[in-house]
Amino acid sequence: MRTWCGLLATAIALVFSVASATAQPPSPESEAAIREKLDRLNRDIEVLRQKGTDPRVLADIEVYAKAADWILRHNEFYKPNYEKDTLAALDTGLKRAAAASEGKAVWGQAPGSLILAYRSKVDESVQPYALQLPEGFDPADGKRWPLYVVLHGRGGTLNEVSFIRKHDGKDVAKGQDWIQLDVFGRINNAYRWSGETDVFEAMADVQRRFRIDDRRIVLWGFSMGGAGAWHLGVHHPSKWCAAGAGAGFVDFYRYQNVKEQLPEYQHRTLRIYDAADYALNLANVPFITYGGEKDKQLAASLIMQEEAGELDVPVELIIGKNMGHKFDDISKEKFMAFLAEHRRKGRPTFPGRREIRFTTSTLRYNECEWLTLHELDQQYEPSTVESRLDERNVLRVTTDNVTALSIARGVADRVSIDGSAPVDLNAAADSNLPDVYFVRDSDGWQVLDYDESLAFIENPEQNKRPGLQGPIDDAFMEPFVCVRGTGTAWSKPLQDWSTASLELFETEFDKWLRGKAPVIDDTQLTDELIAQKNLVLFGDPGSNAVLARVVEALPITWTKDRIEFDGQAYDPATHAVVMIFPNPLNPERYVVINSGHTIHEKDFRASNSWLFPKLGDFAVIRFEKGDKGKPYVEEVVRAGIFNGHWELP
């Protein structure tokens, strides 16, 4: 029984609103100085680029130019000191550029705190992160260091400049014996979508630069960072030796005190991010949570404790006596001691925990220890796998709502799934693949041989698979490019609406996810881009030559005067169909039709808990002209989710 509904029903959830953050333009003198230094830094960067400077070194320099560019373009001078902080950031960038021009790009070689950056695969933007190198750090000694991944809370005045100012040159705590990564996360999104991708891209960049002990990676955060720790901790339970969440939120309805169920296509996709639905995964990672006694966000800890308790799964809870939305010293000490204890133990070596209890509602989160889920029966319904090793070294696996999975060879001698006859994992598929593949049919679970396994990996039936499961917003967690048409539109009203939709996506992505959405003309699309990126197509088959190439392979019939979808005809002068689907030009990537993110500025401003998909896999949109404040008024005529075979329900 979930008894904490009442707690949230009687109190408004603490909403991390950024709407109240106001900014003043910089003084004319400061703006002129910032622009002069920014121009100088950009010139230095271009010279270094022409010289063939390592792109990774360039990213560490470019990030300071980006910080100044974004704060200027979005007028984010929230505090008087932001002017001098921007100038200071540019000075650091200029110093790094000068050092790089002399072949002395040697930052990050000694103890201390500094800002580093990487170029994101998502949109080729430069993204910052902060790093603490502890006393005793020496890159020459070969030591592998534990890594703490720390997620910040939401801040209405947060941007690249303030992030740099907070972390660059900060003192490292005395006695710290780990490397610490403070994630930027593309600002305020609770580490969802490309904010989630940022966490793992930053981690990968740290692991590329420094010797990190992969068995001793700790995750923790507070407030929005606590929500992020819940989300990343239970969705990726095998990545961490320990995780901790202070405050935060773990579901939508209770946190936002919403009484009426959302439309079905939204309600179902809440299961992507609602951590409360993944409490079973706490069985696979040591987890501690904290909440202040007087903090409304204590509800997150209590909800997770209750959910885990019903499943007989341990989670340690600390409640700060008389505390509001912050740690008290004693609780913080206990919290960090728990993380340190499990960090010293480290994660078990391969094959990890043989006895697991794992659940997911989406193939986006499909791995636990030695297990990988490849196909689910019902989308956005709980899918569970539990295992135990019996006295004969047979791995006994039970499943629910799973139709295809693989198990790493070496986890056990034999495996039995849902009571099937044990299979020899060592000999399966001629011992030629690292994983053994199983598919469930009407006769039960079948082990695939070598050739069948290779064919299965190719996904010839075009089923939903990990990274190819939707919804529309999922396309923007991976490399993407928007493609606009250069031809003559079949429908000018639809083309005008589509152009406005692309412009809105560019504007919102730039502000709220801190990158410039890549946009090209249809005439610029190359085979390389088709192979590497999700294609986001805007226009109609008349205006967009790429859309014309793929439209016949989509579940839609599109002519000059009508759009037919699921047996219904719509007028393109007033209606559009948006969708995500496997790209007919490259079925391993998505194609998206006439949609950017389905979350918008109002969602970012309201609360991170609103950053869930608004349209599912497809939608029919009725549009009409609005006014200058809102160019178009839109109505969702219908929306939904394709089944596991990318078919309409």
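First, a term: a crossing of two helices is left-handed if the near helix is turned anticlockwise from the far one by less than a right angle, and right-handed if clockwise. By helices I mean DSSP runs of H or I with at least four residues, and by strands runs of E with at least two, numbered from the N terminus. What you see is a predicted model, where local features need pLDDT of at least 70 and side-chain atom pairs count only at pLDDT 80 or more, while totals for chains, interfaces and linings use all residues. Residues are numbered from 1 along each chain as its sequence is written, and side-chain values use heavy atoms, with hydrogens and water left out.

Now the helix pair. Helix H2, residues 28-50, passes helix H3 in a left-handed crossing. H3 covers residues 55-73, and the two pack with their axes 10 Å apart, at an angle of about 150°. Axes here are lines fitted to C-alpha atoms, for helices over the stretch in contact, and angles run from 0 to 180 degrees between N-to-C directions. H2 and H3 are therefore roughly antiparallel, the word for angles over 145 degrees, with under 35 roughly parallel, 65 to 115 roughly perpendicular and the rest oblique. Contact means heavy atoms within 4.5 Å. On the H2 side the contacting residues include Ile34, Leu38, Leu41 and Ile45, and on the H3 side they include Leu58, Ile61, Ala65 and Leu72.

Next, the sheet. Seven strands form an open sheet of mixed pairing, in the order E20-E19-E21-E26-E25-E27-E28. Two strands pair if DSSP finds at least two bridges between them. At the edges are E20, residues 519-521, and E28, residues 632-640, each pairing on one side only. From one strand to the next the twist averages 25°. Inside the sheet, E25 (575-583) and E27 (618-625) run antiparallel and are joined by five bridges. One of the partners is Ala619 in E27, bridged to Val578.

Last, the backbone. Most residues other than glycine have a negative phi, and most peptide bonds are trans. The bond from Phe350 to Pro351 is cis, with omega near 10°, and Pro351 sits in the loop between helix H11 and strand E9. Gly470 to Pro471 is also a cis bond, with omega near 0°, and Pro471 is in the loop between helix H12 and E19. Glu124 has a positive phi near 65°, lies in the loop between strands E1 and E2 and is partly exposed at 48%. Asp312 has a positive phi of about 60°, is placed in the loop between helix H10 and strand E8 and is exposed at 67%.

Key:
Buried means under 20% relative accessible area, exposed over 50%, partly exposed in between (1.4 Å probe, protein chains only).
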